[in-house]
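Please read the following note alongside the sequence and the model.

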Amino acid sequence: MAEPRWVLCDWETKPEIKTMVLSFLDNNPSQHFTRQEPIAGTLEADDLVVHQFQESYTNHVIRVRLKRNPSIGFVIKMAPACIPLPGVHVPLPVERGERECLAYSFFNNIAPGCVPKPLFYDKSRRILCTRELTGCRSLTDELLTGGRNSCMSVSGVRSLGSSLASVHAATHILTLGTDGLAQLRHKFPTLHAMVDMIRLFHFEKPFDAADPDRHCASAVMTSLDDVINDAAVQAAKEEAKRSFAEDCECLIHGDLHVDSVVVSGGDLKMVDAEFVRVGPCAFDMGLLLATLLMIQSRQRHALMHKDASSSVPSTRTNQDTQTAHTADMVPPAAVEFGETASRDNHAVTDRTRRETRAADVLMEEYLTTMTEKLGQDNMFMQALLKKILTFCGVELLAWVIGPPHMDFMDSSPEAQADCLRIGTVLLKNVDKISSVDDFVNLVQQP
Ligand SMILES: Nc1ncnc2c1ncn2[C@@H]1O[C@H](COP(=O)(O)OP(=O)(O)OP(=O)(O)O)[C@@H](O)[C@H]1O
Ligand SMILES: [Mg+2]
C-alpha cells in the first residue's frame with residue numbers, strides 16, 4: 001500500500017536526521033528486541049532503511065526499519081526549539097520529547113497497548129524512540145481511503161474510548177484527590193508555551209475577524225460574521241477557552257485529533273503525546289470528535305458529488321431514486337465500518353446512524369467507562385457530554401476557519417460549510433442535549 005507521508009531518506013546528508021540515526025545506534029536497539037525476534041550482533045547503519053515523515057509541523061520524525069526484517073521498526077522523534085507556523089515561528093520547549101516518553105509509560109501502565117512502547121529518551125540530543133506500531137495508518141487515511149479494505153472495527157473504536165476513559169479516570173481528581181492530583185501535576189508540570197500555542201490557534205485566532213491566517217473557502221468566509229457574533233457561540237467559545245486553560249481534572253493527551261490516532265491491526269492507538277498535561281478531560285474527546293465529524297462530512301460531500309455526476313437509470317420511480325441516493329451518501333469507510341460492526345455483533349446496528357457511527361460509538365464507550373470508573377451517575381455523564389460537545393463545536397469552527405488545518409478539507413467548501421453548520425448547531429443547542437442519541441439526531445438534521 002502506498003505511504004505518501006513517509007519518504008525514503010538519504011539520512012547522512014541531513015544533519016538532524018543523522019543525529020537521530022546515530023542516537024538510535026548508540027542506544028543499542030538490539031537489547032529491546034523480544035525473544036521472538038532475536039537479531040544476532042550489533043546493528044550498523046548499513047542494516048537500516050530510513051524514511052522521513054513529511055507532514056510534521058512540530059518535530060523531525062523518522063522511521064527506521066531493519067533491512068533483514070522490515071517487520072521490526074522504530075519511530076524516532078527529535079524536538080526542535082522552534083516551529084514554523086502560519087505567520088510566525090513559535091518557540092516551543094524542547095522538554096516536550098521527554099514529557100511524551102513519560103506520558104507513553106503512564107498511559108501504557110493504565111491501559112496497556114493504547115500508545116506505542118517507548119524505548120529510550122536520549123536526553124542530551126532530545127530524541128525519543130518508540131517501537132513502530134506495525135502496519136499502522138493514521139485514522140485520517142484509514143477513514144478517507146480505507147473503504148472496503150479498512151480493517152477498522154467497532155471493537156477497535158470502543159477500545160480507544162475505554163482506554164482514554166481509563167487514563168482520564170485513573171488520574172482524575174475524583175480518584176486521586178487534591179493531594180494526588182498535585183503530585184501528578186508535579187510529574188507533568190504545565191509547559192505553558194504548549195498550552196498558549198493551542199489557546200492562541202484554536203480559541204483566539206479563528207474568532208478574530210482581522211486575523212490574516214484564517215483560510216476557509218470564500219463562500220464560507222462570507223457567513224462567518226453571523227456565526228462568530230452569535231451570543232451563544234461567543235459564550236460557548238469563552239467557556240471552552242477558559243476551561244482549556246484553567247480546569248485541572250486529570251492527565252490529558254492534549255492534542256488528540258484524528259492524526260494523533262493510528263489504526264494498527266484493527267486497533268486504534270494514540271500517538272504524539274507531547275502536549276500531555278493535567279487539564280480538562282472533555283478537551284481530548286471534544287477535539288477528537290470534531291475532527292472525526294470533519295472527515296465524515298468530507299466523505300459525505302465527496303460521495304454526493306460522485307452521485308450527482310453519475311446518471312440514475314430512468315426506470316426507477318422517484319421513491320427508488322430517493323432511496324438509492326440516501327444509501328449512496330453514506331461514506332464508504334462508514335459503510336465498511338457498519339459491515340464490520342455487524343460481524344462484531346456488538347455494534348450500533350441502526351443503519352440510519354451510519355454517518356456518525358465512529359463518533360457515537362466512541363462517545364458512548366468513553367462516557368460509560370468514565371461514569372462507571374468514577375462511580376458517578378447519569379447527571380455526571382450528561383454534564384460531561386455537554387462539556388465535550390462545547391469543545392467539539394468550538395473546535396469544528398476553529399478547524400474550518402483556520403489557522404488549524406486539515407488538508408482534506410481544502411477542496412470541499414461544501415464540507416467546510418457543513419462543519420460550520422454542525423459546530424454552530426451544537427453550540428446553540430448544547431443545553432438541550434442529554435444523550436449521545438440527541439447529539440446524533442442534531443448533527444444529522446439537514
Ligand atoms: N510508534 C509509532 N508507530 C507507527 N507510527 C507512528 C508512531 N509514532 C508516530 N507514528 C506516525 O508518525 C506520524 C508523526 O508522528 P507524530 O505525530 O508523533 O509527529 P509530530 O511531529 O508530533 O507531528 P505533528 O506536527 O502533527 O504534531 C504520526 O502521525 C503517525 O502516523
Ligand atoms: Mg505533535
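1. A residue is called buried if 20 or more other C-beta atoms lie within 10 Å of its own, exposed if 12 or fewer do, and partly exposed in between, with C-beta atoms placed from the backbone. By this criterion Met 194, Met 197, Phe 201, His 202 and Phe 203 of helix H6 (residues 192-204) are buried. Helices (H or I, at least four residues) and strands (E, at least two) are DSSP runs numbered from the N terminus.

2. The model is predicted: local features need pLDDT of at least 70, side-chain atom pairs count only at pLDDT 80 or more, and totals for chains, interfaces and linings use all residues. Residues are numbered from 1 along each chain as its sequence is written, while chains are lettered from A and ligands numbered from 1 in the order in which they are written.

3. The buried residues of H6 pack against strand E6 (88-91), helix H2 (96-110), H9 and H14. Contact here requires C-beta atoms, placed from the backbone, within 7 Å.

4. Helices H9 (residues 231-246) and H14 (residues 378-401) pack at about 110°, their axes 9 Å apart. H9 is therefore roughly perpendicular to H14, a term covering angles of 65 to 115 degrees. Axes are lines fitted to C-alpha atoms, for helices over the stretch in contact, and angles run from 0 to 180 degrees between N-to-C directions.

5. Strands E9, E11 and E12 form an open sheet in the order E9-E11-E12, with antiparallel pairing. Two strands pair if DSSP finds at least two bridges between them; E11 (residues 261-264) and E12 have 4 bridges.

Terms used:
Angles under 35 degrees count as roughly parallel, over 145 as roughly antiparallel, 65 to 115 as roughly perpendicular and the rest as oblique. Two residues are in contact if their C-beta atoms, placed from the backbone, lie within 7 Å.
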